[in-house]
Amino acid sequence: TPAFTAIALAWQEATLRPLYALTGRIWSVERAARGLVGMFSAHSESKSARAIPVLTYHRIVSASDDLNNVTARHFLDQMLALKNAGWQTITLKQYEAFLRKERALPEKSFLLTFDDGAKESFYPVDPILAALGYNAVIYVIASAAHMPESAYYLSDVEIRRMLATSRWEIGSHSYDGHRPYRASGGKEAIFFADKLLLADKGRLENDSEFEARVRQDLVRAHQDLESSYHVAVDSFAFPLGNETGVAGAANYPAGATITERIANSIYMLGFLQTSIDNFSYNYPGSGFLSYRIHVDYDWDGKKLLEKLDSGFPKSIPYEDDFSADNGWIASWGSLSLGARNFSLSAKPISSSASAFLDGSADWDTYQVDVAANWTSGYALLLVDVVDAKTYDTCAFGDGAIKIQHTTEGNTTTVAEKRLSEVHSGADARIGARVHDSVIECTWNYASIVESYDRSHLGGIGMQVWDSQLGSASMRASEILVRPLAQDVPVHE
């Protein structure tokens, strides 16, 4: 570390550690005075988590840069807010065992992560962790730790010191896959999603060259981190957050899937950032990929708690009149919420709009009813929502109801019933029932059509579609989800 940087960091640490230690003691005294000592732990022990959120940060900076980085003032406010609300950090091993359904964790457990392995991810943070009894994971770019005299990245010595606190774990953030690369035509390329330009050959990589390069980087990072720090490195955070998503790929659509497959063969866990296509929490059995909530630079503690509350696993029965935002995520189109007014509409250049309810991912065996009003096209009630691209649908159109399966964005109709009473307009009661292998669609509470090939559980959502661009819209005044008995009679 350059001398001027080392002096600044040492001064920062020397002032922050006693300050945050005092803050932690004051917080403990205040809790005791309010009779809160032991309350949170007792509450946590009485309930097990159904899902776990993963928070991700980059640097913790002294002044806002309006980028990915949270200020030290906001970060302290966030951590104190979490602690006061009863949230507690967990380790990677605990998180992995939870996903594999091998252990239970207390409700309000969360995984705290930092990307890039920057000095400003450790020095302003560790005193807070020490004061609050929290721990964290930092994702290291393996080659960066060996950079001489870096004022930005943690050095090899600093990483060793960090690990010695027992408050920190490390994961892989690639060996050298985080910096800019080039494709043909001078375009910028993403290391793990695009084919790169081979300047000496005057062409892009072929398929085998792409795969060999990605594998070499992932293996090298894994081996370097484990051999350098004598710890198990079982997780990988994809650089740039979502680069295995379709949006990341510029010239090689298969690249994302290939990278995910290779990473899965080397690491136990892979981390992306939460997008509008996925639930914000991670549920047991969700597989290799986990999604993280990226904490924005302008969030204070209250905003962070609101975000966690909106994604918190919801229970059945569930009722919503939309007077508050309980976690509805608009995957595409426009969504506005108000008292008895859920308004979903397509944008001018689109034929559809879609939204789903965060926190409903593990729902099973339920009946959902919606008071709806739509003007044309189809009003679609989504059930068994896995994410924005995989779900089952009851599609209501003028004179007909269809049951459809959508998997990775590909839709097939599996059942259809013509019924003249079904029509667009005000005060329609559209509904669905899911249980065992059965999906039923209801109109004004009566079961109309069913299928017997339900293959997965999941949450709820709503969608609109019309062949005329920009015209699809629907309003809902309330939604009610009720549990169903396991031996629900099938409509004849």
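Contact, throughout this talk, means heavy atoms within 4.5 Å. This is a predicted model: local features need pLDDT of at least 70, side-chain atom pairs count only at pLDDT 80 or more, and totals for chains, interfaces and linings use all residues. Residues are numbered from 1 along each chain as its sequence is written, and side-chain values use heavy atoms, with hydrogens and water left out.

Start with Ser155. Leaving aside residues up to four places away in sequence, Ser155 touches Thr1, Lys119 and Ala145. Ser155 sits in the loop between strand E6 (136–140) and helix H6 (156–164). Helices (H or I, at least four residues) and strands (E, at least two) are DSSP runs, numbered from the N terminus.

Is Ser155 buried or exposed? Buried, because its relative accessible area is 17%. The cut-offs: buried is under 20% relative accessible area, exposed is over 50%, partly exposed is in between, with a 1.4 Å probe and protein chains only.

Next, Trp332, in strand E16 (residues 328–332). Trp332 counts as partly exposed because its relative accessibility is 29%. Its contacts, beyond four places in sequence, are Ser352, Ala353, Ser354, Ala388, Tyr391 and Gln463. Take Ala353: 21 residues from Trp332 in sequence, yet 5.3 Å away in space, C-alpha to C-alpha. With Ser352, the Trp332 side chain makes a side-chain polar contact of 2.9 Å. That term means a pair of N or O atoms within 3.5 Å; within protein, one must be able to donate a hydrogen and the other to accept it, and residues adjacent in sequence count only if both atoms are side-chain atoms.

Last, helix H4, residues 92–99. Six of its eight residues are buried, among them Tyr95, Glu96 and Phe98. After H4 comes Lys101, with a positive phi near 60°.
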